[in-house]
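Please look over the chain shown here, with attention to its core, its contacts and its surface.

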Amino acid sequence: MKFATTIWAAGEQGAVGQASEETLGALAAGNAAYEDKFGYIFIMFATGKSADEMLALLQARLPNAPAAEIQITMGE
């Protein structure tokens with residue numbers, strides 16, 4: 001089952017492979033900041049979203065209070 005999950009995640013996040021180095025760097029930094037702040041990885045429904053869209057959503061959610069963010073995360 002782990003293999004199937006890995007394939008699904010790779011497909012869902014496939015748009016990241018076409019992102020610029022700048023966007024990839026910003027995603028990496030944003031993901032690290034998110035995990036530091038909330039204690040878990042950034043979770044979102046990524047299917048159909050570009051890397052720039054994912055970055056914008058990550059940046060928009062970083063200022064959230066932990067109680068609000070966990071509610072959003074559970075919905076994703």
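**Briefing: core and overall layout**

The largest nonpolar core has eleven residues, namely Ala19, Leu27, Tyr34, Phe38, Phe42, Met44, Ala46, Ala51, Met54, Leu55 and Leu58, where a nonpolar core is a set of buried Ala, Val, Leu, Ile, Met, Phe, Trp, Tyr and Cys residues joined through side-chain atoms within 4.5 Å. At least two residues of this core come from each of helix H2 (21-38) and helix H3 (51-61), and H3 gives the most, with four residues. The model is predicted, so local features need pLDDT of at least 70 and side-chain atom pairs count only at pLDDT 80 or more, while totals for chains, interfaces and linings use all residues. Residues are numbered from 1 along each chain as its sequence is written, and side-chain values use heavy atoms, with hydrogens and water left out.

**Fold**
- The chain contains four helices and zero strands, helices (H or I, at least four residues) and strands (E, at least two) being DSSP runs numbered from the N terminus.
- Along the sequence the pattern reads α-α-α-α.

**Contacts**
- Leaving aside residues up to four places away in sequence, Phe42 touches Asn31, Tyr34, Met54, Leu57, Leu58 and Arg61, contact meaning heavy atoms within 4.5 Å.
- Of the contacts in the chain between residues at least 6 apart in sequence, 65% join residues at least 24 apart.

**Burial and the H3-H4 loop**
- Buried residues account for 24% of the 76 residues in the chain, where buried means under 20% relative accessible area, exposed over 50% and partly exposed in between (1.4 Å probe, protein chains only).
- Ala65 lies in the loop between H3 and helix H4 (66-75), and Ala65 is partly exposed because its relative accessible area is 43%.
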